[in-house]
Amino acid sequence: MKHQPTVPVSEFGITGIRDSDVEAWATVNGVTLVRDYLGRLAVSLDDAYKAAERREEAEREAQQRAAVTAAVANAQNARKATYEAACAEALAGKLSTPKILEEARRAGWAAVRESERDLPAEVRDRLGGIPGGGLVAMFRR
């Protein structure tokens with residue numbers, strides 16, 4: 001009887017959980033569970049490599065998502081600073097009438113659009129409004 005090399009699932013950091021959870025992990029990773037010579041849950045050596053490749057792929061995807069999240073946070077902060085600077089410039093030395101405030105808002109958003117023109121779509125599409133309340137908040141400081 002020829003036996004295939006196996007790798008215990010504990011080698012994947014899967015310990016202390018129910019067999020049904022291990023079976024779910026195996027299904028998600030596309031591997032088949034077997035019992036090794038000691039009766040432990042294991043996978044074939046080929047399946048172990050397959051699971052390791054899937055883990056590496058998942059880690060890369062998580063790193064990419066984290067990088068986009070960080071880029072969005074940085075862009076959101078830059079958006080606020082750009083908007084506030086453009087509004088402050090538009091308001092410099094002027095009375096705060098509704099018309100002047102609207103012009104300042106437009107100038108702020110125009111500056112934001114210009115500064116964000118080259119942002120990747122995956123970052124730009126996730127940006128929100130002006131953090132901290134925009135133009136009105138500028139007068140509360």
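**Helices and their terms**

Modeller: Just after α1, G30 takes a positive phi of about 70°. This is a predicted model: local features need pLDDT of at least 70, side-chain atom pairs count only at pLDDT 80 or more, and totals for chains, interfaces and linings use all residues. Residues are numbered from 1 along each chain as its sequence is written, and side-chain values use heavy atoms, without hydrogens and water.

Colleague: Why is α1 called roughly perpendicular to α2?

Modeller: The axes of α1 (residues 19-29) and α2 (residues 45-91) cross at roughly 80° and come within 10 Å. Angles of 65 to 115 degrees count as roughly perpendicular. That makes α1 roughly perpendicular to α2.

Colleague: What makes the contact between them?

Modeller: W25, V28 and N29 of α1 meet K50, A51 and R54 of α2. Contact means heavy atoms within 4.5 Å.

Colleague: Which residues of α1 are buried, and how do you know that they are on the same side?

Modeller: V22, W25, A26 and N29 are buried, that is, under 20% relative accessible area, whereas exposed means over 50% (1.4 Å probe, protein chains only). They cover an arc of only 100° around the axis, so they lie on the same side of α1. The arc is taken from the directions from the helix axis to the C-beta atoms. On the other side of α1, T27 and V28 are exposed.

Colleague: What do the buried residues of α1 pack against?

Modeller: They pack against β2 (33-35), β3 (41-44) and α2.

How values were computed:
Axes are lines fitted to C-alpha atoms, for helices over the stretch in contact, and angles run from 0 to 180 degrees between N-to-C directions. Helices (H or I, at least four residues) and strands (E, at least two) are DSSP runs, numbered from the N terminus. Angles under 35 degrees count as roughly parallel, over 145 as roughly antiparallel, 65 to 115 as roughly perpendicular and the rest as oblique.
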